Amino acid sequence: MVVLAMSLANNTHIRILHLHDCQINDLGANLLAFSLRRNTSIEQLWLNGNNIGDIGAEAIANALHANRTLKTIGLRNNVIGDHGGKRIRDSLKQNRVITDVFLRGNQISDKTTCDIYCYCERNSHEKLVKKRNTSSLISRSSTRAGGKKVQTNKLLSIQEQLPSVQWSGMRRTVARKRNSIVAPCA
């Protein structure tokens with residue numbers, strides 16, 4: 001786990017990381033959290049079916065303060081309690097990138113779970129609004145010059161920098177196997 005964590009810290013190619021049922025505990029989650037603070041490429045992290053508890057969830061939540069690329073995190077069927085859930089919720093108050101957190105099968109209260117999903121919904125909505133506003137700016141900036149359509153280069157570069165709107169679900173994961181790692185642990 002140490003080698004994996006150290007490798008992920010500076011990796012710029014892996015976009016999706018599946019670590020399902022790998023018996024990752026709080027110590028392993030702490031090592032992954034260290035990597036997440038520095039990693040700039042992972043967009044989806046799937047840690048379902050492990051043994052991550054409140055301490056590991058808190059370490060991951062702390063990493064989310066620094067990470068601005070992770071959009072989806074799967075933590076289903078771990079042993080995260082309400083304390084760990086609240087730490088994740090608190091990190092999502094500031095993190096406006098994460099749009100999907102999967103928590104079913106943990107011991108997190110309904111209130112905390114609802115708060116987490118509300119923050120994810122806010123982030124999804126903000127991305128959608130930002131995308132629409134940028135598109136309308138570009139279409140309104142179009143002018144006719146000598147019968148040709150001309151658009152402002154600055155606005156085009158803004159649109160290229162914005163991430164496309166993400167949608168949740170496993171179909172997206174299956175469709176993007178090119179930059180994905182599925183780690184068989186058992």
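Start with leucine 47: setting aside neighbours within four places in sequence, it is in contact (heavy atoms within 4.5 Å) with Leu19, Ile24, Leu32, Ile52, Ile60, Gly74, Leu75, Arg76 and Asn78. This is a predicted model, so local features need pLDDT of at least 70 and side-chain atom pairs count only at pLDDT 80 or more, while totals for chains, interfaces and linings use all residues. Residues are numbered from 1 along each chain as its sequence is written, and side-chain values use heavy atoms, with hydrogens and water left out.

**Overall layout**

- The protein chain has seven helices and seven strands; these are DSSP runs numbered from the N terminus, with helices being H or I of at least four residues and strands E of at least two.
- Along the sequence, the elements of the protein chain come in the pattern α-β-α-β-α-β-α-β-α-β-β-α-α-β.
- Of the chain's 186 residues, 42% count as buried (under 20% relative accessible area, with exposed over 50% and partly exposed in between, using a 1.4 Å probe and protein chains only).
- Take the contacts in the protein chain with a separation of 6 or more: 84% of them come from residues 24 or more positions apart.

**The core**

- The largest nonpolar core holds 32 residues, and Leu45, Leu47, Leu75, Ile88 and Val101 touch the most other members. Such a core is a set of buried Ala, Val, Leu, Ile, Met, Phe, Trp, Tyr and Cys residues joined through side-chain atoms within 4.5 Å.
- At least two residues of this core come from each of α2 (26-38), α3 (54-64), α4 (82-94) and α5 (110-141).
- The top contributor to this core is α3, with six residues.
- As background, nonpolar side chains tend to be buried together in soluble globular proteins.

**Helix α3 and its partners**

- Buried in α3 are Gly56, Ala57, Ala59, Ile60, Ala61, Ala63 and Leu64, and their cover includes α2, β3 (72-74) and α4.
- α2 and α3 pack at about 0 degrees with their axes 8 Å apart. Axes here are lines fitted to C-alpha atoms, for helices over the stretch in contact, and angles run from 0 to 180 degrees between N-to-C directions.
- α2 and α3 are therefore roughly parallel to each other (angles under 35 degrees; over 145 is roughly antiparallel, 65 to 115 roughly perpendicular, and the rest oblique).
- On the α2 side, Asp26, Ala29, Asn30, Ala33, Leu36 and Arg37 meet Asp54, Ile55, Gly56, Ala59, Ile60, Asn62 and Ala63 of α3.
- Sorted by class, that α2 with α3 contact has seven nonpolar, three polar and three charged residues. Ala, Val, Leu, Ile, Met, Phe, Trp, Tyr, Cys and Pro count as nonpolar, Asp, Glu, Lys and Arg as charged, and the others, Gly among them, as polar.
- The axes of α3 and α4 come within 8 Å and cross at roughly 5 degrees, so α3 and α4 are roughly parallel to each other too.
- Asp54, Ala57, Glu58, Ala61 and Leu64 of α3 make this contact with Asp82, His83, Gly84, Arg87, Ile88 and Ser91 of α4.

**Helix α1**

- In α1 (residues 2-9), Ala5, Leu8 and Ala9 are buried.
- Looking down the axis of α1, its buried residues fall within an arc of 105 degrees, so they line one face of the helix; the arc is that of the directions from the helix axis to the C-beta atoms.
- Cover for the buried residues of α1 includes β1 (16-18) and α2.
- α1 and α2 pack at an angle of about 10 degrees, axes 8 Å apart, and are therefore roughly parallel to each other.
- Val2, Ala5, Met6, Leu8 and Ala9 in α1 meet Leu31, Leu32, Phe34, Ser35 and Arg38 in α2, a contact that divides into eight nonpolar, one polar and one charged residue.

- Leucine 64 sits in helix α3 and, at 3% relative accessibility, counts as buried.
- Not counting residues up to four places away in sequence, leucine 64 touches Leu70, Ser91, Asn95 and Ile98.
- Threonine 72 is in strand β3 and counts as buried at 8% relative accessibility.
- Leaving out residues up to four places away in sequence, threonine 72 touches Glu43, Gln44, Leu45, Trp46, Asp100 and Phe102.
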